[in-house]
Every structure is written in C-alpha cells, then in structure tokens.
Amino acid sequence: MAESLIARVKALPFEIRQYLLITGNYWAFTVTDGALRMLVVLHFHQLGYSPLEVAMLFLFYEAFGVITNLVGGWLGARLGLNRTMNLGLALQIVALAMLMVPSSALSVAWVMAAQALSGIAKDLNKMSAKSAVKVLVPAESASASSTLYRWVAILTGSKNALKGAGFFLGGLLLTLIGFRGAVIVMAVMLLAVLVLSLVRLKADLGRAKRKPKFSEIFSKSRAINVLSAARLCLFASRDVWFVVALPVFLYDQHGWSHWTVGGLLAIWVIGYGGVQTQAPRLTSLMAGSQRRTTVFWALALAGLPALLAVLPLAQVGWLVVGLLLFGVLFAINSSWHSYLIVHYARAEGASMDVGFYYMANAMGRLLGTLLSGWLYQSQGLSACLWVSAALVLASALMALALPGDGEPEPAAADDEARPA
C-alpha cells in the first residue's frame, strides 16, 4: 500500500509534488509552533508569572516576526524560497534546543531570546510557503485566479487546523511528560522534516531573475499597503483577547485544567482552519467587487466581540459559543485577505510583496499580544473584547480604500512602478 502511494505521488505533476512538500513542511512546523505557544503560556503562568509577564515572553517572538517578514521577502527573492523555508526549520530547532535546559535556567531573558528565534523561524517558513504558491500556480491558466484562491485557502486552512492540534498537543504533553520532555519530542520531529526538505525541495524556487535592491522591501502598491493596514487591525483584534486573556481567564476564573484549556483552543483553531478551506465557497455567496467583499465580511465580524463583552462572562457557555462564531467569521476574513495579497503580489519577486504584508500581520499580532496581557490584567476580559470590536471596525474602514471595479490591477501597476 505504501509503495502504491509513493508511485501515485511520483506520477503527479512537478508543481503539485512541490506544493505537497511545501505544505507538509509548513504543517510540521505549525504543529510545533502551536504547541510551543501553549506550553509557554500555561507553564509560565503556573510558575507564577502574571498575564502581562506572560505576554512579555512573546514580545521578541512578535517583534522579530515584523523584521523577518520585511527582510525575509527580500532574501527569498534573492536566495530562493527553499533556502528561507529550510532556514526557518533550522532556527526553530535551535529555539527548541534553547528551552531544553533545566527549569532553573529558564530566565525571562533566556526564554525571550528563544522566542525571538522562534518568531524569525515561523515567519520565514510562512512567508516562503505562501510565496511559493504564487510561483507554482501557472499564471497563464484561464482559471489561475480561482486555482490560486483554492490553493491558498487549503494551505492556510490546513495550517490553522494543525496549529489547533498543536495547542492541544502542547497542553497534553505538558501534562504527560512536562515542559522539557515536550520540547525534546518536537525538536526531533522537526529535524526529520528538515532533512527531507533539504533533499527534495527545488533549489531555485521563487528566486527572482533580477536581484532586487534592499530599498525595494517597502511596497509601492496602494492595494498592498491598504490591505496590510487592514490585516494589522484584523489580527490585533483576535490576539487582544485570544493569546493571553482567554487561556488565563479559563484557568483562573473557571478552574479549567491545562489540557482542557489547550483542548478548547485546539478545537477553535481546528474549526477555524476547516472554515478557511471552504472560504472560496462562502465568499462567493456575497457576490461583488473585491473591496465590497472585504468590507462586508469585516463588518459581519465587528459586532460579535462587542456582543460578547455585554454578556455575563461568568456563564462560560456564552463565551464558548461566541468564541466559535468569532472563529467562523474571522476565518473567512483571514482566508480572503490571504488570497488578496497573493493575488495582488507580482509574479516576479512575489515574496517581497507577501513579506511586506505579513510584516503588518506580525505587527498586528505584536500589538494584540501586548494589549491582551495589559488589558486583561488591568481591566479584565470585557475590555479586551471591546478593543477587539473597535479594531475589526477599523479594518473594515481601511478596506474601503482598496481598488474597486474598473481600476487597474494593483500588481501590474506595482511592477511598472519598480525600477528594472
């Protein structure tokens, strides 16, 4: 049976085999990334860290993600996406190795340094995977746009489903074998994936024919700049209550165990990822221009956290139902944004446009993470939800500046604006 499966894979077109390899690489990395986040939140809160102190552990993770996305796209265009993807895997292994030291040596500075490496690794891997999809989809195909949307939706949705599995895995491993044992298991798994990627991934994937200048890392496209600003607000709206506030609230206020908290967040992210894979069908229900679609789904999301903020949070059932609904609407918004950036990006040097966009994504996560710890510690979960609603509304208003019907394709305009 295994031989038959290998033969079928070998018979697939080269682009499909490369897409499957990239997706598998991205999947493996994502499981460890989700598990590590849950391990850090629960383990260090159990050690007596306050919500704000736990949030600060992720400061370098998110801050270095901003820098990595900005510079990583440039590196991907110059060196090839295979090298940036493999570098991301290698750095994650180093970050995990740093956390294998005894608990007494896990100082705040040491953990923040490990998280910085992990942040660099995560965004190198993600930028490489999503840029590679643009390269692998034949641009001259009549159905290129719909194929691109479908491939991006599958990659993004499956990634988030596995990140949810990582949340559960992190909580479970912490319960069964402790923090250090969990980190060792994940490092060994990633090392095997890195070896396979080094052997099989195309050597010059996504490398630009013209070596781009470093000064070109900042996008000159109005569409990409507007979409990046909207993405920043969108992801800040999620992380302001999801990253620190919600797990700590369930653990402290409702007495949930580590694996129960991890399990709920896992179910949420797995469901969120499943919805993302179906986003092409769901967004087609609201036919219209790209701008109208973006604004519509953002406004549909904006009222939900505000509604949760006025409901009695002591009844955790309301919170769980609202969390699931938020996941559905947020998944549609996120998947649609992910398609738009790959659609707007230039075919030549796509990693630079995608990297700039995910730089804004990382800034949104950084802002949301810091606000999550500070607002929860000072004002409680309701304040986090109100700020979430305001950020989604800001994202919808920014999307009004996206190109409408009849305007020139942003990617083409951007190509002309850049020096040859």
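# Inside a helical chain

Visitor: Which residues does Phe179 touch, not counting those up to four places away in sequence?
Guide: Phe179 touches Leu39, Val40, His43, Phe44, Leu99, Leu106 and Leu174, once residues up to four places away in sequence are set aside, where contact means heavy atoms within 4.5 Å. This is a predicted model, in which local features need pLDDT of at least 70 and side-chain atom pairs count only at pLDDT 80 or more, while totals for chains, interfaces and linings use all residues. Residues are numbered from 1 along each chain as its sequence is written, and side-chain values use heavy atoms, with hydrogens and water left out.

Visitor: How many helices and strands are there in the protein chain?
Guide: The protein chain has 17 helices and zero strands; helices (H or I, at least four residues) and strands (E, at least two) are DSSP runs, numbered from the N terminus.

Visitor: And what percentage of its residues count as buried?
Guide: Of the 420 residues in the protein chain, 59% count as buried. Buried means under 20% relative accessible area, exposed means over 50%, and partly exposed lies in between, using a 1.4 Å probe and protein chains only.

Visitor: Which residues touch the most other members of the largest nonpolar core?
Guide: That core has 86 residues, and those touching the most other members are Phe44, Leu99, Phe179, Trp241, Phe242, Leu246 and Leu381. Helix 2, which covers residues 14-46, gives the most to this core, with 10 residues. A nonpolar core here is a set of buried Ala, Val, Leu, Ile, Met, Phe, Trp, Tyr and Cys residues joined through side-chain atoms within 4.5 Å.

Visitor: What's in the second core?
Guide: The second core is separate and has 21 residues, including Val342, Phe356, Met359 and Ala399.

Visitor: New topic: how many aromatic pairs turn up in the whole structure?
Guide: A search of the whole structure finds seven aromatic pairs. Rings of Phe, Tyr and Trp (its six-membered ring) pair if their centres lie within 6.5 Å, and planes under 30 degrees apart count as stacked, over 60 as edge-to-face and the rest as tilted. One of the pairs is Phe44 with Phe179, which is edge-to-face, at 6.0 Å centre to centre with 85 degrees between the planes.

Visitor: Where in the chain do Phe44 and Phe179 sit?
Guide: Phe44 is in helix 2 and Phe179 is in helix 8 (residues 178-200), so the pair links distant parts of the chain, 135 residues apart. Phe44 has a relative accessible area of 1%, so it is buried, and Phe179 also counts as buried because its relative accessibility is 5%.

Visitor: How do Trp241 and Phe326 pair up?
Guide: Trp241 and Phe326 form an edge-to-face aromatic pair, 5.1 Å centre to centre, with 85 degrees between the planes. Because Trp241 lies in helix 9 (residues 222-242) and Phe326 in helix 14 (residues 316-344), this pair ties together parts that are 85 residues apart in sequence. Trp241 and Phe326 are buried, and together with Phe235 and Phe330 they form one aromatic cluster.

Visitor: What span should helix 14 have, and how far apart are its end C-alpha atoms?
Guide: The 29 residues of helix 14 should span 42 Å at 1.5 Å a residue, and the end C-alpha atoms are 41 Å apart, which agrees; the expected span is 1.5 Å times one less than the number of residues. Helix 14 is mostly covered, as 21 of its 29 residues are buried.

Visitor: What does the side chain of Asn333 reach?
Guide: Asn333 lies in helix 14, and its side chain reaches the backbone oxygen of Trp297 at 2.9 Å. A polar atom of the Asn333 side chain also lies 3.1 Å from the backbone nitrogen of Ala298. Asn333 counts as buried because its relative accessibility is 2%.

Visitor: Last one: which side chains meet in a salt bridge?
Guide: Those of Arg238 and Asp239 do, at 2.7 Å from N to O, and the count comes to one salt bridge, meaning a side-chain nitrogen of Lys or Arg within 4 Å of a carboxyl oxygen of Asp or Glu. Arg238 lies in helix 9, and both Arg238 and Asp239 are buried. Leaving aside neighbours within four places in sequence, Arg238 is in contact with Trp268, Tyr272, Phe326, Phe330 and Arg365.

Notes: Polar contact = N/O pair within 3.5 Å; in protein donor to acceptor, adjacent residues only side chain to side chain.
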